Each structure stands twice: as C-alpha cells, then as structure tokens.
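Reader: I'd like to learn how to read the features of a model like this one. Can we go through them one at a time?

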Number of protein chains: 2
Amino acid sequence: MSLLSIGSVAYDIIELPGKEPVKVLGGSATWFCTAASLFSSPNLVAVVGNDFANEDINFLRERKIGLDGLERANGSTFHWHGRYHEDLISRDSLRTDLGVFADFVPKVPDAWHSPDVLFLGNIKPDLQALVLRQVGDVKFVGLDTIELWIETCREDFEALLPSVDLLFVNDDEVRQISLENNVLVAAKKVLSMGAKAVVVKRGEHGAILVSPDGLALFPGFPVENIVDPTGAGDSFAGGTLAYLDLIQDFGFEAVKRALVVGTVMGSFCVQGFGPRALAEVKMTDFRQRVAKYLDFVDFNGKQLLTDLNF
Amino acid sequence: MSLLSIGSVAYDIIELPGKEPVKVLGGSATWFCTAASLFSSPNLVAVVGNDFANEDINFLRERKIGLDGLERANGSTFHWHGRYHEDLISRDSLRTDLGVFADFVPKVPDAWHSPDVLFLGNIKPDLQALVLRQVGDVKFVGLDTIELWIETCREDFEALLPSVDLLFVNDDEVRQISLENNVLVAAKKVLSMGAKAVVVKRGEHGAILVSPDGLALFPGFPVENIVDPTGAGDSFAGGTLAYLDLIQDFGFEAVKRALVVGTVMGSFCVQGFGPRALAEVKMTDFRQRVAKYLDFVDFNGKQLLTDLNF
C-alpha cells in the first residue's frame with residue numbers, strides 16, 4: 001500500500017463573498033494528501049520556499065504525509081489569490097505568483113519509486129511525464145490537468161494519456177481535449193486517445209465515470225452549509241485514490257466505489273475553510289455520510305423492474 | 001388507477017441550432033400525457049382553438065389519452081416560438097401567443113372527479129386551485145409552476161402548497177419560492193410552507209428529491225444524441241406520476257422509484273423531436289434503460305462500508 005502525489009503546495013488568499021481576504025495553506029497536492037491521509041499514508045513531491053511556515057510542515061507531518069520529497073528552495077512559496085462570487089461556485093483568479101514553483105523539477109526519492117498508486121496533480125505535462133519515467137512501474141495512475149496545459153502543451157499532454165488509468169477533468173476540459181461538445185461523446189473520445197477511464201467532474205452536480213467497462217453516475221452529495229469550495233477537486237481525487245490504495249483493487253467496480261469516497265470527501269471539503277478543517281473530519285462521520293449517500297441512490301431496482309414488467 | 005392532467009396543449013415553433021424553424025405539437029399537458037401514456041391512461045383537461053388539427057386529436061386518441069376534457073374554443077391554439085442556443089440547454093422565447101388559452105377556465109368532467117393522481121401543470125395558480133376544488137379527493141397531487149406565477153401570484157401559489165404531494169420546480173424556482181440561495185435549504189423551506197415533498201429539476205444534471213422522509217438523488221441519464229430538450233420537464237413529471245398511478249403506492253420509496261422512471265422518460269424525450277417521437281419509445285427499450293440507470297448508480301455499498309471499517 002503506497003500512494004504518491006505530485007503537485008503544488010501553496011499559500012492561498014481567499015476572498016469569500018462579503019468577507020475579508022484570508023491567507024490559508026493551499027495547493028493541489030496539499031488538498032490531495034490531506035484528503036488521502038484519512039485512509040492512506042500519501043507521499044508528497046512538491047516544492048516550497050523559505051517563507052513556508054514550520055507549523056504548516058508540522059500539520060502535514062502530523063497527518064502522516066511523507067515529506068521526504070518536499071523540497072525547500074530559495075524564494076517564495078507559490079501564492080494564489082482568488083475571489084469567489086456570491087454563488088460560491090464561480091471565482092476570479094486575482095493573482096498567481098508561481099515563486100519557487102516556476103522552476104520546480106520534481107525529484108521522486110528512490111524509496112518512493114514503484115508506488116501502487118500515483119497521482120499526477122496539475123503541473124506541466126512534461127513534468128508529469130518526467131515523474132512517470134522516474135517512478136517506474138505503477139499499478140494505477142490518476143492524472144489531473146487544466147485548460148492552460150491542454151491549450152499550450154497539447155502534444156505533451158496527449159502523449160501522457162496512454163499511461164493514465166483515471167483522468168480527472170471537468171466539462172470544459174474534456175470538451176477541450178476531445179473537441180467534442182457532448183460530454184459523453186467527449187469522454188469516449190478521450191478513451192480512444194488512450195486514457196483507460198475518465199471521470200468528468202461537474203462541481204455540485206457530481207461526476208460521471210466513463211470507461212470501456214461502462215458508465216457510472218455520482219450525483220453530488222448536497223450540503224446546506226457551503227463555506228469554501230477551494231480544494232474540492234483535489235479532495236475528490238485524494239479520497240478516490242486513497243481508497244484504491246487501501247483496497248488494492250483497481251477494477252471497474254472498485255473505481256466506482258472509490259469515486260463514491262471521492263464524492264463524499266469533496267462534500268466535506270466545501271463545508272470547511274482550508275485543509276486543516278478537512279483534516280478534522282472523523283472516520284465515523286465519513287462512514288455515516290457514505291452510508292447516507294448510498295441510501296440516497298438506492299432505488300430498490302428489483303421492485304422497479306418488476307413493476308415495469310406489468 | 002386514474003391519472004388526470006391539466007395544462008396546455010399548444011403548437012410550438014422550435015428553432016434548433018443551425019436549423020430552420022419547425023412547427024410541432026407541444027404544450028405541457030401534451031408532453032405529460034404522451035409520457036404518461038406509456039404506463040397509464042391519462043385524462044386531459046385543456047383547451048385548443050379552431051386551428052387544432054384532426055391528426056393531432058387522432059395522435060392523442062391513439063395514445064389512449066382521455067379527451068372528454070379537451071375543450072375546443074373559438075380562436076387559435078396557444079403558440080410558442082423558441083430558439084435554442086448552441087448548447088441545446090439555454091433558449092430564448094421569441095413569441096408566446098396565448099390564443100384561446102388566455103381565457104381558459106378548466107372544467108373537469110364529472111366522470112373524472114376523485115382521480116387517484118392529479119397533475120396540475122403550469123397554469124395560473126388560481127386555476128390550479130379551481131381544479132383542486134372541482135375534483136374533490138385525490139390520492140396524490142403533483143404540481144408544476146413557473147417563475148412568472150411565483151412572482152405575480154405568490155399568495156395564490158403559496159395557498160396551494162399544503163395540497164401538493166410533490167412539487168416540481170427547478171433551481172431558480174425553488175430559490176424564488178423560498179428566498180433561500182442554497183438549493184437544499186430552499187427545498188426544506190418549501191416543505192415548511194406545506195408541500196409534502198419537493199423535486200428540484202436540474203436539467204441534464206438530474207434531480208433531487210427532498211421530503212421529510214429523506215433525500216434522494218437522481219443523476220441525469222447521459223445521452224450522446226440530444227435532439228431537442230423541449231418537453232423534458234413535463235415528460236419527467238408524466239413518467240413519474242404515471243408510475244405512481246400504475247403501482248398505487250404513494251410512499252417515499254415508491255416516489256423514489258417513480259422519479260427514476262421520470263428521469264429515464266426525460267432522457268428519451270430529449271433524444272427526439274416532438275411528442276410523436278417520444279410516443280415511439282418501446283416498453284422493452286424503456287425497461288432496458290431503467291436497468292442501465294440502476295446499474296450506473298449501483299456501488300456495492302455493502303463492500304464499500306466494509307472496506308471503510310478497516
């Protein structure tokens with residue numbers, strides 16, 4: 001059981017509607033590992049600057065996140081400043097300072113080669129490829145990206161697809177990759193480009209899994225108190241891949257169950273502010289919410305099909 | 001087993017992206033009854049003008065839709081002209097000619113009083129109330145409305161809620177009724193205003209059922225070939241209420257199953273153009289799609305909860 005994550009560790013400045021800007025620990029790999037640490041002991045490859053606080057190192061260490069791959073470079077940590085709109089869904093990126101992340105070249109410690117599960121978080125596709133070459137054999141590869149890389153590094157990105165077991169994309173990204181408008185057609189096209197499976201993330205509306213083994217639908221878990229959606233996508237991936245690492249089963253049915261875990265993880269993420277809030281989630285509460293979710297989509301299909309056979 | 005529907009029978013002019021405008025039979029009650037007629041024999045209360053074609057009367061009659069409540073008045077049938085955007089979701093209403101619908105006062109034939117299931121389609125709330133008074137005892141009342149009535153006839157609309165077993169609304173409508181932004185909070189508020197249950201329709205993303213007995217989530221059934229989304233909401237209601245009429249069980253679990261039927265009905269609706277296309281759906285294909293849908297949300301919850309108990 002081993003889970004390796006590559007991505008960003010950052011400081012975010014978050015402006016929520018009607019509130020003052022607040023600085024908080026962020027970054028795709030931070031969220032991913034915090035979520036994953038509920039079930040697994042993820043290892044982290046990333047870079048931070050001189051300004052990265054010891055208390056944040058300690059937070060990650062206490063979560064039992066492996067930090068031997070967390071490089072400290074001369075300069076400042078990646079900063080992102082975002083402002084959310086009233087709906088707590090759309091947002092503006094006010095500022096992005098890459099800092100030490102601009103020259104980041106991931107180096108995976110030898111002891112972490114051949115992980116069971118690898119998450120290539122949102123970094124430049126050629127760096128994702130570099131990590132793939134470094135780590136050797138992997139049982140299951142998840143990959144996330146953004147429109148910027150699909151647009152500016154399409155060739156490098158497409159070359160990665162045959163190595164990807166589960167591609168994490170949103171509606172716009174899957175359309176951009178495939179040049180198809182219908183999301184289902186788009187996802188199938190991405191399969192034909194080499195990805196073994198695609199999960200299309202649709203925010204509060206949930207997700208769709210498309211694979212040669214079939215489809216699966218994951219409605220969002222509705223919550224009444226959305227505090228901050230930052231990190232929801234990475235928490236979704238973290239829950240999903242940590243569960244797969246836990247059960248060491250990478251078949252279609254296992255991936256379906258894993259995405260339920262990811263969906264529930266995302267719902268906890270949006271109810272708090274920052275990764276420390278997510279880290280407070282208790283396993284008993286998590287399990288209870290999974291049980292609720294399963295109940296929300298349990299339709300007594302046997303009875304229904306009998307009724308329709310009138 | 002008896003199902004009564006009040007609403008509009010209309011002629012639509014539909015403009016799909018890149019295509020010429022096409023005139024086609026439409027209206028909320030037409031779509032509702034066409035969908036419902038797959039499982040039930042709905043009765044229709046509506047009004048049409050002198051221009052309503054015999055072939056359209058014949059189409060409805062062949063579907064075994066009860067037409068004794070279909071009034072023919074002097075004037076022209078309700079016409080709606082809509083133009084869809086490229087995404088086949090958003091649309092502009094270019095023209096609405098109420099015609100004989102403007103002075104419509106529903107009269108439910110005596111023989112149709114005390115139906116098992118009543119669908120109060122989108123008409124003015126005072127007319128929906130009039131129908132409720134006319135029909136006497138009903139086992140299950142479904143009601144649909146639009147923002148116009150919530151805005152202009154709020155008092156009449158709110159007075160209806162305690163009579164409603166299942167309110168059909170979209171995100172915007174449930175927010176408008178409740179004055180709450182969060183959809184789940186909004187739906188619960190509507191329960192406190194008297195509705196026994198609320199189903200929030202979210203287009204391609206599916207629907208959420210909120211009732212004092214619990215929640216249920218209905219992801220949309222993804223289809224690759226969306227032709228025309230007109231009528232999807234009414235088909236959803238038609239499938240839902242016809243199934244309830246068929247099984248004569250109005251408990252929470254029955255309503256959950258019914259909304260699966262509605263979801264699948266909606267997915268067939270958007271794959272064709274006009275009610276005649278929906279009427280072509282074969283029961284075997286319908287049942288197969290229900291089975292597929294059930295499979296798409298079957299996550300082997302037992303295994304998942306066992307895994308999370310590590």
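**Strands and the sheet**

Author: Let's begin with a pair of residues: in β8(A), A:L120 is the residue that A:I6 stands opposite. Before going on, note that this is a predicted model, where local features need pLDDT of at least 70 and side-chain atom pairs count only at pLDDT 80 or more, while totals for chains, interfaces and linings use all residues. As for labels, residues are numbered from 1 along each chain as its sequence is written, and chains are lettered from A and ligands numbered from 1 in the order in which they are written.

Reader: How many bridges join β1(A) to β8(A), and do they run parallel or antiparallel?

Author: Elements here are DSSP runs numbered from the N terminus: helices are H or I with at least four residues, strands are E with at least two. Two strands pair if DSSP finds at least two bridges between them. β1(A) and β8(A) have four bridges and run parallel.

Reader: In what order do the nine strands of chain A form their open sheet?

Author: The order is β5-β4-β1-β8-β9-β10-β11-β12-β13, and the pairing is mixed. At the edges of chain A's sheet stand β5 (66-72) and β13, each with a single partner, so one side of each has no neighbour in the sheet. From one strand to the next the twist averages 15°.

Reader: What packs on that sheet, touching β1, β8, β9, β10 and β11 of chain A?

Author: That's α8(A), whose direction makes about 165° with that of β8(A). Angles run from 0 to 180 degrees between N-to-C directions, with axes as lines fitted to C-alpha atoms, for helices over the stretch in contact. Contact means that the C-beta atoms of two residues, placed from the backbone, lie within 7 Å.

Reader: How do I read which side of a helix is buried?

Author: The general idea is that an α-helix has 3.6 residues a turn, so residues three or four places apart point the same way. Buried means 20 or more other C-beta atoms within 10 Å of a residue's own, exposed means 12 or fewer, and partly exposed is in between, with C-beta atoms placed from the backbone. In α3 (residues 125-135) of chain A, the buried residues are A:P125, A:Q128, A:V131 and A:V135. Looking down the axis of α3(A), these fall within an arc of 115°, so they line one face; the arc is that of the directions from the helix axis to the C-beta atoms.

Reader: What do the buried residues of α3(A) pack against?

Author: Their partners in chain A are β1 (3-6), β8 (117-120), β9 (140-144), α4 (147-152) and α5 (154-160). Just after α3(A) comes A:G136, with a positive phi of about 75°.

**Positive phi**

Reader: And when the residue isn't a glycine?

Author: Then it's worth a look, as most residues other than glycine have a negative phi. A:Q248 has a phi near 50° and sits in the loop between α8 and α9 of chain A. It counts as exposed, with 12 C-beta neighbours inside 10 Å.

Reader: Where is the place of B:N300?

Author: B:N300 lies in the loop between α11 (283-296) and α12 (301-307) of chain B. Its phi is also positive, about 50°, and it is partly exposed, with 15 other C-beta atoms within 10 Å.

**Two chains**

Reader: How many residues of chain A are in contact with chain B?

Author: There are 36, in contact with 36 of chain B. Elements of chain A giving two or more residues to this side include α7 (183-192), α8 (232-247) and α9 (252-269). By class, the side has 23 nonpolar, six polar and seven charged residues; Ala, Val, Leu, Ile, Met, Phe, Trp, Tyr, Cys and Pro count as nonpolar, Asp, Glu, Lys and Arg as charged, and the others, Gly among them, as polar. Finally, 100% of chain A's interface residues are interface residues in chain B too, so the copies meet through the same surface.
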